[in-house]
Amino acid sequence: MLSIRRFISTTNGIRRAAAATARMASESSAAQQPSVLKLALSLEQPSNEWSKEQLREIYNTPLLELVHSAQLQHRKWHDPTKVQLCTLMNIKSGGCSEDCKYCAQSSRYDTGVEAEKLVALDAVLLEAEEAKKNGSTRFCLGAAWRDMQGRKSGLRKISEMVTKVNAMGMETCVTLGMVNEDQAKQLKEAGLTAYNHNIDTSREHYPKVITSRSYDDRLETIKNVQSAGIKACTGGILGLGETEEDHIGFIHTLSNMTPHPESLPINRLVPINGTPMAEELKKENAKKLKFDDILRTVATARITMPRAIIRLAAGRYTMKETEQFLCFQAGCNAIFTGKKMLTTMCNGWEEDKAMLAKWGMEPMQSFDYDAEKRTIAAQGSV
Ligand code: SAM
Ligand code: DTB
Ligand code: SF4
């Protein structure tokens, strides 16, 4: 028989042992639980259900581990030797009614950009020919318009441009502001490959940048484009005075789209004299974008939207070659290249070709990439 004292001490011992076992069990199950990053890397299909907590966890992974993981993901879903070369043409410059605080083409700011008419078809074909000769496989036409309302003849002319550029064997992209379903269908019938319409930033930061059209207006256009069977080219700008939480919010919107954008442009703000954004950035307490945050955004986008073509867009000319290299390590696989962006500078074909050849990369062929069909198993063959 146990004495009462020994009984109590033995019972306490068992309790302590049981508590310790339970603690060890729970610690080991936590250790066994894969991190969100591991989970993301193991998915066989892209997920469209990312929570902000999950994205925050990925975004805040130690940088070396994050970039390495993004490169692993990139290699799982893409041929790492291929880069898409896209050339832009401004087919209708300046005079835009919108108030986007960063834009050289808004009529509300004195930026020195004059309003011009829609360019002629011949001029577009000449530029497209030059881009093709230089190895670009996608040609993008940009117009400084709010939307396509009341622009029937403009839409007809642009549809003809699209059909003719397509016939030259190039993929086509246009960015014309907001479009409704019928306008999107007309562009699809003309053979349009992709439509560029950005969300620009997080839902929370957006009203500090644009007030003349809403975040939901933008999502509506993207939906109209995708419903018409056109690929969405949708991304945004970094460096608008946003926080890291806004980068997470930006990716949250994109990574929860169904389907994800086929192409995801990452612009780095080019401050344009005369725009409110450039003025704000001159203030002493202005929030400056760190290069680390560009890398984290690209890597998180690559990990969570594995099929997307991630495009280093405006402001690339302000990056050192080593910085561009890091962006490619983090999952970028497309650039704008050529004589100009819309109003700002662009790295030229020759320097880009030399840089990419040095890295062991070559241009993606036109119509070779179908994001919808891309699976891990098809890597390298689609
Ligand atoms: N008007 C159309 C629209 O807003 O959809 C198309 C043209 S707009 C110039 C296309 C995108 O270029 C914008 O959504 C923005 O992300 C980017 N962009 C414009 N100005 C920029 C700047 N100064 N720096 C970086 N990106 C810029
Ligand atoms: C996008 O996201 N970046 C490109 C393309 N889509 C049309 C345009 C960038 C414009 C940069 C500012 C300028 O050149 O005026
Ligand atoms: Fe107009 Fe587009 Fe510039 Fe906004 S970004 S002002 S909509 S051209």
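**Strand β3**

I began with strand β3 (residues 171–175) of this predicted model, and I found that five of its five residues are buried, so the strand is largely enclosed by the rest of the structure. I take buried to mean under 20% relative accessible area, exposed over 50%, and partly exposed in between, with a 1.4 Å probe and protein chains only. Strands (E, at least two residues) and helices (H or I, at least four) are DSSP runs, numbered from the N terminus.

I recorded the conventions here: residues are numbered from 1 along each chain as its sequence is written, and chains are lettered from A and ligands numbered from 1 in the order in which they are written. In this predicted model local features need pLDDT of at least 70, side-chain atom pairs count only at pLDDT 80 or more, and totals for chains, interfaces and linings use all residues, while side-chain values use heavy atoms, with hydrogens and water left out.

**Neighbours of β3**

I looked up the pairing next, counting two strands as paired if DSSP finds at least two bridges between them. Strand β2 (residues 138–143) runs parallel to β3 and is joined to it by five bridges; R138 stands opposite E171, and G142 has T175 as its bridge partner in β3. Strand β4 (residues 194–196) also pairs with β3 in the parallel sense, over two bridges, and there C173 has A194 as its partner.

In the loop between α6 and β3 I stopped at M170, which is buried with a relative accessible area of 1%. M170 and F139 are 31 residues apart in sequence, and their C-alpha atoms are 6.7 Å apart in space.

**Strands β2 and β1**

For β2 I found six of the six residues buried, so this strand is likewise largely enclosed by the rest of the structure. Both of its faces are covered, with R138, C140 and G142 on one side and F139, L141 and A143 on the other. Strand β1 (residues 82–92) is joined to β2 by six bridges and runs parallel to it; the partners in β2 include A143 for K92 and G142 for N90. From β1 the chain crosses through helix α5 (residues 121–133) to β2, and this β-α-β crossover is right-handed.

I then asked how β1 itself is placed, and found ten of its eleven residues buried. β1 pairs in the parallel sense with strand β9 (residues 334–336) over three bridges, where C86 stands opposite F336. Two bridges join β1 to strand β10 (residues 362–363), again parallel, and P363 is the bridge partner of V83.

**Ligand 3**

The space taken by ligand 3 is the largest cavity. A cavity here is a set of points, on a 1 Å grid over the protein atoms alone, where a 1.4 Å probe fits but cannot get out, and a molecule sits in a cavity if more than half of its atoms lie within 2 Å of its grid points.

D200, in the loop between β4 and α8 (215–227), has a positive phi of about 70 degrees although it is not a glycine, and at 2% relative accessibility D200 counts as buried. A cis peptide bond joins T258 and P259, with omega about -5 degrees; P259 is found in the loop between α9 (244–255) and β7 (263–268).

Last, I looked up R56 in helix α3 (residues 52–59), which at 28% relative accessibility counts as partly exposed. R56 and T300 are 244 residues apart in sequence and 9.1 Å apart in space, C-alpha to C-alpha.

Notes
1 Å grid on protein atoms, 1.4 Å probe; cavity = no way out; pocket = protein on both sides within 12 Å on 5 of 7 lines; lining within 4 Å. Right-handed = clockwise from strand over helix to strand, strands pointing away.
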